[in-house]
Amino acid sequence: MTEPDIKKGLAGVVVDYTAISKVNPETNSLLYRGYPVQELAATQPLEAVAYLLWNGELPDAEQLAELRLTERAHRAIPDDVRTTIDLVPLDAHPMDEVRTAVSLIGARDLAGSGSVLDASGSPEQNLERSIRLFAVLPAIVAYGQRRRRGLEPVAPRDDLDYAANFLWMTFGEEADEVVVDAFNRSMILYAEHSFNASTFTARVITSTLSDLYSAVVGAIGALKGPLHGGANEAVLHIFDEIGSAENVGAWLDQALAEKRKIMGFGHRVYKRGDSRVPTMKAALDTLVEHYDRPEVAALYDALESEFVARKGIYPNLDYPSGPAYNLIGFDTLTFTPLFVAARVTGWTAHIMEQLTSNTLIRPLSEYNGPDERHIDGYVADTAALEVADRAEEAAG
Ligand code: CMC
């Protein structure tokens, strides 16, 4: 018998076309709809990048104004969603809170919309749902951090752009321009990354013709894991463990002896460095200077150079974004929900793309369990035997 060609973790398997983004590990580049992500991060607000991901082109001034108007109109958390968030235990992970909130938003929106046959929605409905989720997620994430700190929620302000308003709702004060800019850049870098685990999860769910909200809820579940989005949170746990730059060598000796994965390093696709890291590292540097925290940069640089020297494995985006979010003042547990707020743009773009040329995603597996066996005394059901006979005949 020939051994099946199993691709564990689908590594290296190309499963479909996408026009949304291109990750090229050879040239270390990442393009969103053809534009280098670095260019977008340097010149655009996240709202414009969301428009690009959804529609294929950057918006003109009027289109951006229209998107912003809709986004600002849907920033507030509906009362019943807030009440439901309050039911999530305060010591639950905030990703569970975000997942629950999106699930309820979906149920509310789809209530009375008919049978499962209508679940997947029209392109217009899905674009509208995407914009509304994009608009409300910052309030959900900000509210989560505030309620864990025992603080009252802060209402959104419609005179602020997306990034500035996100920081306003989280901290209750207007952030400095340099902080807003670094935060906006991080969100653009997080917005999209082709067929990563959470996006693929969203596409798998969509391929069954389920609804957009179910696909986003599934994607949030996939993103929570520390091998994926949870790594930005995990990086800060590592920084806290190490303490300061001079401890890096001894800490790394022990971590590697224990065969620990060093969070924020390594990537399935990039093997010579993540194309998003230099841009995010530059944003981190501006924050280090702004908050006058050189010891953060010292720890960052020491761990990076030691780990690269020993293992030849480079940082991924979560490595600079973790300490950047810490400097801005986000709680460590809030980091992965920030990733959700950004990546919902990419997820929903992929959900809509999947629906334009859908095929059910259903791979095969090679069985390696026990040989066929039977329950003592069971009398075979003749209908099942007929099916087996038919299969045998067809196999010839
Ligand atoms: N620390 C220690 N060893 C590592 C690391 C790491 N961060 N990453 C890879 N390796 C080693 C791994 O142990 C393995 O060694 P060996 O061949 O001796 O068994 C080898 O490198 C290949 O690793 P792999 O896990 O088989 O590679 P992969 O392509 O399946 O995994 C990864 C990619 C991201 C899961 C892995 O690098 C990892 O676990 N990194 C830490 C978690 C992390 O930072 N995740 C964020 C990913 S990127 C952004 C995002 O999605 O948020």
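Predicted model: local features only at pLDDT ≥ 70, side-chain atom pairs only at ≥ 80, totals over all residues.

Colleague: Where is Glu 97 found?

Modeller: In helix H5, which covers residues 94-110.

Colleague: And what is Glu 97 in contact with, leaving aside neighbours within four places in sequence?

Modeller: Ile 85, Val 88, Ile 140, Gly 144, Arg 147 and Arg 148. Ile 140 also turns up in the largest nonpolar core, among the residues with the most contacts inside it.

Colleague: OK, the core then. How many residues does the largest one have?

Modeller: It has 106 residues. Besides Ile 140, those with the most contacts inside it are Tyr 32, Phe 183, Met 187, Val 216, Leu 303 and Tyr 325.

Colleague: Which helix gives the most to this core?

Modeller: Helix H16, residues 335-356, with 11 residues. The core also draws at least three residues from each of domain 1 and domain 2.

Colleague: Pick one of those core residues. What does Tyr 32 contact, apart from neighbours within four places in sequence?

Modeller: The list includes Val 37, Leu 40, Val 49, Leu 52 and Leu 53, plus Ile 188, Leu 189 and Tyr 190.

Colleague: Back up a second, what are the domains?

Modeller: The assignment gives domain 1 as 21-230 + 331-356, and domain 2 as 232-325. Their centres, taken over C-alpha atoms, are separated by 25 Å. As for contacts between them, 32 residues of domain 1 meet 26 residues of domain 2.

Colleague: Changing topic: where does UniProt place the active site?

Modeller: The UniProt entry, which is unreviewed, puts that feature at His 267 and Asp 318. They span 52 residues in sequence, but no two of their C-alpha atoms are more than 10.6 Å apart, so they gather at one spot.

Colleague: Is His 267 buried or partly exposed?

Modeller: Partly exposed: its relative accessibility is 22%, and buried would need under 20%. His 267 is in the loop between helix H12 (248-257) and helix H13 (277-291).

Colleague: What does the side chain of His 267 reach?

Modeller: The backbone nitrogen of Val 269, at 2.9 Å. Not counting residues up to four places away in sequence, His 267 touches His 193, Asp 274, Arg 276 and Asn 316.

Colleague: And Asp 318, buried or exposed?

Modeller: Asp 318 has a relative accessible area of 7%, so this one is buried. Its place is in helix H15, residues 318-328.

Colleague: Which side chain does the side chain of Asp 318 make a polar contact with?

Modeller: That of Tyr 190, at 2.4 Å. Beyond residues up to four places away in sequence, Asp 318 touches several others, including His 228, Gly 229, Asn 232 and Phe 339.

Colleague: What lies 2.7 Å from a nitrogen atom of the ligand?

Modeller: A backbone N or O atom of Ile 262. A backbone N or O atom of Phe 265 lies 2.8 Å from a ligand nitrogen atom.

Conventions. Residues numbered from 1 in each chain as written. Heavy atoms only, no water. Core = buried A, V, L, I, M, F, W, Y, C linked by side-chain atoms within 4.5 Å. Buried < 20%, exposed > 50% of the residue type's maximum accessible area, 1.4 Å probe, protein only. Helix = DSSP H or I, 4+ residues; strand = E, 2+ residues; numbered from the N terminus. Domains from an automatic or database assignment. Contact = heavy atoms within 4.5 Å. UniProt positions renumbered as here; feature names shortened; annotations may be inferred. Polar contact = N/O pair within 3.5 Å; in protein donor to acceptor, adjacent residues only side chain to side chain.
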